[in-house]
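User: I would like to learn how to read a model like this one. Please take me through it feature by feature.

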Amino acid sequence: MAVTTATTKIDPILTTGAEDLTGPLTETVQIASHLIWDAVAANLPRDLHWQFVLVTLVIALSIWLIRDGHGSRDADGRERKAHLLQFLLPKDIYTHVSARVDIWLWVTERILRPLWVVGLLATVGPSTESAVIDFLQWTLGATPAIAVNYWWMLLYSLVTLLSYDFVFFLIHYTMHRMPALWALHKVHHSAEVLTPLTRYREHFLVGPIWAAGGAFSYGLAGGLFAWLFNGGIVAATLFNIGFFALVFGFNGSFRHYHVQFNYPRSLSLWLHSPAMHHVHHSYLQQHWNKNFAAVTSIWDRLFGTLYVPAKDEYTPWGIGPNTQSEYRTYWQNTVGPFRDWYKMLRGGKSPQAGAAKNVD
Ligand SMILES: [Zn+2]
Ligand SMILES: [Zn+2]
């Protein structure tokens, strides 16, 4: 009798309170998962935001339809016919050790970024801008204070894009040519498969270099246009997104996607197609030190480094069979540059881009 009473007393508590009642462990896990999710959402690379992913998938689907399943590459960089899922999300690429290393290198860079980003971006951009304004005032006099209209805003976007593209080209070119910098940039090239996250695959010491370069290039264009328009100009936008961000964001993610997206040759002479960056990542000798720019083909043409690939041209990715095993894991990619510098200091040489020899 006593047991029955106790049961009837407890039952209501169990039935009404059970859904809301959570133990301390569950609560901690919930809080932690919210924190982790918020941190991931806040730090998700722009290219992985759903709009960019959607555009990438729609274009890839179109290529799959138009080319009847052809046009994507396998983990060896060779074109193959694939069914839709394998075409969009190939298992051999997304389970590859290289794709995993992409993630951890990106996490490392994000964790370390607060150490340099504030000071660097706050100083390089504005000081470049004011130096350009001072220089123009000194050489050409006071601002002509041109009235702003939409066409000028478009021109400002275009000049910003070209300025960024040129500075990107110069930094990238230098990274391939100077052994001490190649030791760092090699981490980007040690990717054996391409995924949209490969775009961010860099040694953590390279992040500040790209960020400073970007801020410098914006400062150049910003200073020029601030002087021309007496400070009253902003970049043109489409659906509230800067044209520049739109073009660059799309281009950046697709060129590290394994699906070949070729432009007609006449367009490739002006704009970098994503397939042209597949060439940049190839370790075949004829592909070394080609296609350095981010968006346009202008600078590569001027400097003689443009390479427009043939349809389905074989582009095996990575740094080549001779040295790939030294730059495969997360740890190897993190300490590799320091080891290379040490070797260089002792008189040895850093293996150059696409160090593979005797590769067919
Ligand atoms: Zn490169
Ligand atoms: Zn790349």
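This is a predicted model: local features need pLDDT of at least 70, side-chain atom pairs count only at pLDDT 80 or more; totals for chains, interfaces and linings use all residues.

User: What is the average pLDDT of the chain, and what share of the residues score at least 70?

Analyst: Start with confidence. The chain averages a pLDDT of 82, and 81% of the residues score at least 70. Then go element by element. Helix α13 (residues 298–302) has the highest mean pLDDT, 96. Helix α1 (residues 2–17) has the lowest, 42.

User: Which stretches have a pLDDT below 50?

Analyst: Residues 1–18 are one such stretch. Beyond near neighbours in sequence, residues 1–18 have zero contacts in the model. Residues 353–360 also have a pLDDT below 50. Yet that stretch has 25 contacts in the model beyond near neighbours in sequence.

User: How many helices and strands are there in the chain?

Analyst: Count 14 helices and four strands. Next, look at burial. Of the 360 residues, 36% count as buried. Then look at contact range. Take contacts between residues at least 6 apart in sequence: 74% of them join residues at least 24 apart.

User: How do I read a helix pair? At what angle do the axes of α7 and α9 cross?

Analyst: Read distance, angle, handedness and then the residues. The axes of helix α7 (residues 150–177) and helix α9 (residues 207–228) come within 9 Å. They cross at roughly 145°. The crossing is right-handed. On the α7 side, the contact residues include Tyr156, Val159, Tyr164 and Phe168. On the α9 side, they include Gly213, Gly214, Tyr218 and Phe225.

User: How do the residues of that contact divide into nonpolar, polar and charged?

Analyst: There are 12 nonpolar residues, five polar and no charged.

User: Why do Leu161 and Ser157 count as buried?

Analyst: Burial is a count of neighbours, and 20 or more other C-beta atoms within 10 Å make a residue buried. Leu161 is buried because it has 22 such atoms within 10 Å. Ser157 also has 22, so it is buried.

User: What does a nonpolar core tell me?

Analyst: In soluble globular proteins, nonpolar side chains tend to be buried together. Here the largest nonpolar core has 28 residues. Tyr164, Phe168, Phe169, Ala221, Phe225 and Ala293 touch the most other members. The elements giving two or more residues to this core are α6 (97–140), α7, α8 (179–189) and α9.

User: Is α8 mostly covered or mostly open?

Analyst: It is mostly covered, with eight of its 11 residues buried. Among the buried residues of α8 are Trp182, Leu184, His185, Lys186 and His188. The buried residues of α8 pack against α6, α7 and α14 (330–345).

User: Where should I look for positive phi values?

Analyst: Most residues other than glycine have a negative phi. Asp68 has a positive phi of about 55°. Asp68 sits in the loop between α3 (50–66) and β1 (72–73). Asn291 has a positive phi too, near 55°. Asn291 lies in the loop between α12 (274–280) and α13.

User: What does Ala145 touch, not counting residues up to four places away in sequence?

Analyst: It touches Phe229 and Asn230. Ala145 is found in the loop between α6 and α7. The C-alpha atoms of Ala145 and Phe225 are separated by 9.9 Å, though the two are 80 residues apart along the chain.

Definitions and conventions
Residues are numbered from 1 along each chain as its sequence is written. Chains are lettered from A and ligands numbered from 1 in the order in which they are written. A residue is buried if 20 or more other C-beta atoms lie within 10 Å of its own, exposed if 12 or fewer, and partly exposed in between; C-beta atoms are placed from the backbone. Two residues are in contact if their C-beta atoms, placed from the backbone, lie within 7 Å. pLDDT is the predictor's confidence in each residue, from 0 to 100. Axes are lines fitted to C-alpha atoms, for helices over the stretch in contact, and angles run from 0 to 180 degrees between N-to-C directions. A crossing is left-handed if the near helix is turned anticlockwise from the far one by less than a right angle, and right-handed if clockwise. Ala, Val, Leu, Ile, Met, Phe, Trp, Tyr, Cys and Pro count as nonpolar, Asp, Glu, Lys and Arg as charged, and the others, Gly among them, as polar. A nonpolar core is a set of buried Ala, Val, Leu, Ile, Met, Phe, Trp, Tyr and Cys residues joined through C-beta atoms within 7 Å.
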